[in-house]
Amino acid sequence: MSTATFRIWRGEKGAGKFQDYTTEVSAGMVVLDAVHRIQAEQANNLAVRWNCKAGKCGSCSAEINGMPKLMCMTRLNSLPLEKPVTIEPMKAFPHVKDLVTDVSWNYSVKKSIAKFKPRPPDAPDGTWRMAQKDADRVQEFRKCIECFLCQDVCHVLRDHQMHDQFIGPRFLVYAAALEMNPLDVQDRIPALRKQYGIGLCNITKCCTKVCPESITITDNAIIPLKERVVDRFFDPMTKLFRVFSGSAR
Amino acid sequence: MAEHLTHEHDVLVIGAGGAGLRAAAEASAAGVKVAVISKSLLGKAHTVMAEGGIAAALANVDDRDSWRVHFADTMRGGQYLNSWRMAELHAKEAPACVRELEAWGAVFDRTADGRILQRNFGGHRYPRLAHVGDRTGLEMIRTLQDHDVHLGIDVFMEYTVVSLLKDGDRIAGAFGYERERGRFHLFRAKSVVLATGGIGRAYKITSNSWEYTGDGHALAYHAGASLMDMEFVQFHPTGMIWPPSVRGILVTEGVRGEGGVLRNKDGRRFMFDDVPPAYANQTSNTEEEGWRYTQGDKNARRPPELLTRDHVARCIRREVREGRGSPHGGVFLDIAWIKDRMPNAAEHIKKKLPSMYHQFKQLADIDITAEPMEVGPTTHYMMGGVRVDPDSQMSDVPGLFAAGECGAGLHGANRLGGNSLSDLLVFGKRAGQHAACYAKENSLGVINSGQVAAAEKQALAPFERDGAEGPYAVQHALQDMMQDLVGIVRQEKEMLLALKRIQEFKARAERVGVTGNREYNPGWHTAIDLNNLLIVSEMVTRAALERKESRGAHFRDDFPVKDDKFGSFNIVVRKGPGGEMHIRREPIPEMPLELKQIIEEMK
Ligand SMILES: Cc1cc2nc3c(=O)[nH]c(=O)nc-3n(C[C@H](O)[C@H](O)[C@H](O)COP(=O)(O)OP(=O)(O)OC[C@H]3O[C@@H](n4cnc5c(N)ncnc54)[C@H](O)[C@@H]3O)c2cc1C
Ligand code: SF4
Ligand code: SF4
Ligand code: FES
């Protein structure tokens, strides 16, 4: 059996430092396995979130060698083990302890988005009809496991800390799932433009790159929503007028 | 007592999985003040991991299906130890509960005419599982979560209940701590719903997460409630076995529902070799017929791979024991072979089983569209739990309700796949409704400060000890022991030894010490959970000793056949007056004639 060293952020409420732990590693291990071994053998009080250990619950998000990832889906054989593997908490949220951050902001954002409101049922037994191809589009978004890694990398949140003006890619995906659900009759377009701040996204696609569920966040969710906002608020005549009056932005 | 932060609600729901969230929605709809507590963040409970689907006789794919067939299938699967009343309510009410999820925003896979699609699953006569690819649990928990957050329910995320509080015989609330700061909280409530899930962490190889330490089972036990069917632990036949670090992670039965087959190292489909008589009429005897069944041919019978889980798990164990296993001690599960039968098989597999494709690709470097998987049994589900009134879900303790995996009754000796998610909806809803009624009819109970002080003292004890041993070492030793001595195949001698070991572990647990402070300290949490695991392990072992026969998920080497004598009662566990564990046999109530007739007709 060989060993590897893990450089883990330890501390509370933002204050802390990296600490090195060397532990045994074996075939097929993922980063979360190593963290668990360290927790069981060397640091019983090491704080870390996890539940499913199979990439399904979105609890174990962290930054591994600087890359936002799920610890349970990151194989050690995908990392250079000659040097220490650094493991840090997500940066876009307030720190709690060790690898744990306070993600409660995400839950309050979710609450602020108008909920699903279906049209009246299609059939007398209270059910609806939906083609699979319409379901497909929404199901891509509904794969989201709320790991918040996309929120973590979005510069609007991470660097500019505009949590009060921008709901972030996760919730644009959520809004897209609702808006593109063929049964839904609620209108979230005005809110997308104002409260949800969709205009702040400048389509860097960093969110799409880190999504462990491979949701095409920018192309399939954000851009179509931006188009709907544009169609609603900037109809062709006004746009034309703006172009001619030189006020186009 | 006054120093504890105190909250008051009409209904307190402990657990935010499918059962808890459904219960909370129903209670809230009844107009009472509701709180939900969960150990993890919202949306992360075990329900999120469910893959295959929700069983409900919607009859969208095969119109021969009805509640009566679903009822008969559930009873047959449970070897008739089920509460027939719960099985009846469940079969009748599940379809409406699934439709309700759609009304709340769930987007299921569709049939060609746009209705909810249903798939085949073990032990279900017709395609019955409403599903979303292989991530049905995610769809369900997200739908319930997104529905509940708009209902004005107070949600306490990352809080753990360590004790239930009573006022005389009745429930008065619960006492627990918050993970982040380690502070204690007192929850006063007129009624309490337990929806804490299962006990899989009592075993080494399991598909279950850290949360599954049987907290609800232990809380109910200490509060004086009865538990039943604790000997029935479901070992799912197909868990991952290689590499070692993923051992136990579930491979959904959906793989077999979509045409996946089991083979031993000689390439033989060994499931054809041993079909139990009760299922002989419904099982195909050629590979050809089995394939047609998975492709929706209504005249074909199901392949033997889709027999009940207990049976498939034991057949796999036999192959491995007799030297016909795969290189890492399992058998082969092959879905890639369907490329001989259909064009675009690889695309089809990725579409139908996306997370399985992902899971194997990422964790085991295996492309399931091209090569077989290696699988073996894994601890999966607890049939046993709090004994409840079938209609209201109330336990023996007035005001204390239980629903979902921590309750008992619906599944008897063995649960059919898909019957858990529907269980959560049907009985979560009922528990919520009746807990709200109880709350309306009763006032808050009085809090006994002695109980609170005792619970606090016990929870903090690990900090007082400089124990040489940490909690993880004891937990791992217990898991190894349960796996070895009270696993898939049991015998008296080993279980008596297990009881002895449990006493030793209890003594070790009493000495376990933890380091650090109370803020987000997993070592401390594990030390607390350890007591629950120990109680649950003892309940399982004692109940398993008492059932001297083999039935459903409970298999005894020393009593390898089913014994009718044991088919007439459930084994019930309760804490005796002196704190000792009490075991009794409780006769199953007589089944009404019309239900008996349904079972006869469907034989
Ligand atoms: C991998 C996998 C796949 C599955 N697939 C299927 C399937 O396809 N179909 C099917 O029908 N079933 C399936 N099952 C079974 C099913 O998912 C579970 O039985 C079901 O989700 C349990 O739901 P629940 O609401 O009872 O509990 P859970 O969803 O487990 O929720 C328990 C809740 O209780 C909380 N809790 C526990 N203890 C405490 C405490 N002390 N204090 C506070 N809160 C506490 C937890 O935090 C959690 O919120 C599967 C199970 C697994 C593991
Ligand atoms: S594409 Fe938009 S949402 Fe995504 S990271 Fe870039 S700015 Fe943020
Ligand atoms: S969209 Fe992707 S990255 Fe963002 S929270 Fe969901 S699963 Fe995670
Ligand atoms: S533990 Fe669930 S996603 Fe990693």
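The contact between the two chains takes 61 residues from chain A and 64 residues from chain B, where contact means heavy atoms within 4.5 Å. This is a predicted model, in which local features need pLDDT of at least 70, side-chain atom pairs count only at pLDDT 80 or more, and totals for chains, interfaces and linings use all residues. Residues are numbered from 1 along each chain as its sequence is written, chains are lettered from A and ligands numbered from 1 in the order in which they are written, and side-chain values use heavy atoms, with hydrogens and water left out.

**Where chain A meets chain B**

- About 5100 Å² is buried between chain A and chain B, and carbon and sulfur atoms give 52% of that area. Buried area is the accessible area (1.4 Å probe) that two parts lose on being put together, summed over both.
- Between chain A and chain B there are 34 residue pairs in polar contact, both residues being at pLDDT 80 or more. A polar contact is a pair of N or O atoms within 3.5 Å; within protein, one must be able to donate a hydrogen and the other to accept it, and residues adjacent in sequence count only if both atoms are side-chain atoms.
- On chain A, the elements that give two or more residues to the side touching chain B are helix 1 (31-41), strand 6 (95-97), helix 2 (104-112), helix 3 (132-142) and helix 6 (168-179). Helices (H or I, at least four residues) and strands (E, at least two) are DSSP runs, numbered from the N terminus.
- Helix 3 of chain A gives the most to this side, with six residues.
- The residues on this side of chain A divide into 30 nonpolar, 13 polar and 18 charged. Here Ala, Val, Leu, Ile, Met, Phe, Trp, Tyr, Cys and Pro count as nonpolar, Asp, Glu, Lys and Arg as charged, and the others, Gly among them, as polar.

**Salt bridges**

- Side chains of opposite charge can pair when their charged atoms come close.
- Over all chains, the structure holds 74 salt bridges, each being a side-chain nitrogen of Lys or Arg within 4 Å of a carboxyl oxygen of Asp or Glu.
- A:K56 forms a salt bridge with B:E51, and their closest N and O atoms are 3.0 Å apart. A:K56 lies in the loop between helix 1 and strand 3 (61-64) of chain A, and B:E51 in the loop between strand 2 (34-38) and strand 3 (54-55) of chain B, so the pair joins two chains.
- The count between chain A and chain B is eight salt bridges.
- B:R142 forms a salt bridge with A:E146, with the closest N and O atoms 3.7 Å apart.

**Ligands**

- Ligand 1 is surrounded by 40 residues, the closest being B:T47, B:G52, B:E211, B:Y212 and B:E405. A residue is near a molecule or strand if one of its heavy atoms lies within 4 Å of it.
- An N or O atom in the side chain of B:Y212 is 2.3 Å from an oxygen atom of ligand 1.
- A polar side-chain atom of B:D215 lies 2.8 Å from a nitrogen atom of ligand 1.
- The residues around ligand 2 include A:C154, A:C201, A:C206 and A:C207.
- Helix 8 (206-210) and helix 9 (217-233) of chain A each supply at least two residues of the shell around ligand 2.
- The shell around ligand 2 divides into seven nonpolar, four polar and one charged residue.
- Among the residues around ligand 3 are A:C144, A:C147, A:C150 and A:C211.
- The shell around ligand 3 has eight nonpolar, no polar and two charged residues.

**Strands and sheets**

- Strand 1 (residues 2-12) and strand 2 (residues 15-25) of chain A pair in the antiparallel sense over 11 bridges. Two strands pair if DSSP finds at least two bridges between them.
- A:F6 has A:Y21 in strand 2 of chain A as its bridge partner.
- In chain B, four strands form an open, antiparallel sheet in the order 15-10-19-20. Strand 15 (385-386) and strand 20 (581-587) of chain B stand at the edges, each with a single partner strand, so one side of each is left without a neighbour in the sheet.

**Backbone details**

- The peptide bond from B:W242 to B:P243 is cis, with omega near -5°.
- B:P243 lies in the loop between strand 11 (233-240) and helix 6 (254-257) of chain B.
- A:D98 is not a glycine, yet has a positive phi of about 45°.
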